Amino acid sequence: MSNQRITIFDTTLRDGEQAPGFSMRTTEKLHMAKQLAALGVDVIEAGFPIASDADAESVRMIATTVRGPVIAGLARCHAKDIDRAGWALQPAERRRIHVFIATSDLHLERKLRISRQDCLDAAVAAVRRARQFTDDVQFSAEDATRSDPDFLWRTVEAVIQAGARTINLPDTVGYSTPDEIRDFFQAIIGRVPSSDQVTWSAHCHDDLGLAVANSLAAIEGGARQVECTINGIGERAGNASLEEFVMATRVRSDKLPFVNGIATRQIYASSQLLSSLTGEPVQANKAIVGRNAFAHEAGIHQDGMLKDRRTYEIMRPEEVGAPQATLVVGKHSGRHAVQRRCELIGITLERRELDAVYRAVIEHADREKIVTDADLVEIAGRLSTTSVKPPTYAMPDFNATPAEVGYGHGV
Ligand code: KIV
Ligand code: ZN
């Protein structure tokens, strides 16, 4: 059986941008949207046009300029939201209106203060109105995973009859566990009579750090669209990270028989661009794109990497467009890595000299944390009788300092 295609719906410019510290100007959003198109996402959720004039202008600018992905705009189930989204998306080659309303009793009673019937009626009316602007209408049942399943499936069936093409069941507050999400999708898809007429979508938040695991579980349960963001940004703890979801399905294709259209070599550039546009650094240990994601400091690990990279590397950095793996010379490094780094920068050490240089390097690392190539030249020059050449960067396998190989410098 051929692998199932997953639609990648990127919401960096909507859910992501809505998080504190991540706001972007129109020109910056346009820049990011072009990069998302180069990355190969299927859908770009460009914004929430009713939220502000600037948001509406950004969506319209992206809809005018960016070709390739479907351009989506978010709207509540209100006529004015939908009309605004319809206006903003009008220039797009392919446009999607994404309408949403909460379906959990908690949200209906305490936030919206409407009945279940009001909710269902508003959802149906919104989908019908959105269909006047485009055939591609997505409906989201906010807080779906905490909604009464019976009410949820009836609402979903009603919006499908009204013309929705994609049904998104968000885990809005990141409350679910992977087995629950898988069973939840299976159960709702099983109950909805017209389930085969739509694409099912997962939108998982990361409040418990489970957004990517939950998205993977959702596709096992029948979802075929995953909503995600670059660097996992989004409301509160964020959304499922695009790069983690995509690389999990690539690296573990033996367990996860799903494909997508992402050009993985554009991942690192996308992450760095977002970081430079928003001024928010990527967490150092962030999977796939953090500056330590391909760095090895412990001596045992460095020794393994030098003998066979597969010992500590499950994907090559170049697969995601990241700089070469780094053997960081620090206080946990072993003799082997120090010797190798010295060789790469033109220093050949006798065995006895290596011992002395190694001890000095570890002492230096204890004080300074990082040992640069310049430090190595100085230490080796002081302790060895060999003539020490200045560092050359011709074709090094590994580098002493992550900063020197371009981490954190934007694209
Ligand atoms: O988290 C959520 O429920 C949302 C919806 C608007 C899709 O972001
Ligand atoms: Zn969300």
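Select H14 (residues 351–368) and H15 (residues 373–383). The crossing of H14 and H15 is right-handed; that is, the near helix is turned clockwise from the far one by less than a right angle. This is a predicted model, where local features need pLDDT of at least 70, side-chain atom pairs count only at 80 or more, and totals for chains, interfaces and linings use all residues. Residues are numbered from 1 along each chain as written, chains are lettered from A and ligands numbered from 1 in written order, and side-chain values use heavy atoms, without hydrogens and water.

The two helices (DSSP runs of H or I, at least four residues, numbered from the N terminus) pack at about 135 degrees, axes 10 Å apart. Axes are lines fitted to C-alpha atoms over the stretch in contact, and angles run from 0 to 180 degrees between N-to-C directions. H14 and H15 are therefore oblique, a class left after under 35 (roughly parallel), over 145 (roughly antiparallel) and 65 to 115 degrees (roughly perpendicular).

Next, show the side chains. Ala 356, Val 357, Ala 360, Val 361 and His 364 of H14 meet Asp 375, Leu 376, Ile 379, Ala 380 and Leu 383 of H15. Contact means heavy atoms within 4.5 Å.

Now go to ligand 2, a zinc ion. Its protein donors (N, O and S atoms within 2.8 Å of the metal, or 3.2 Å for Na, K and Ca) are Asp 15 (OD), His 203 (NE2) and His 205 (NE2), at 2.0 to 2.1 Å. Their spacing along the chain is D-x187-H-x1-H. Water is not among the atoms, so the site may look incomplete.

Zoom out. The C-alpha trace spans about 85 × 40 × 40 Å along its principal axes.
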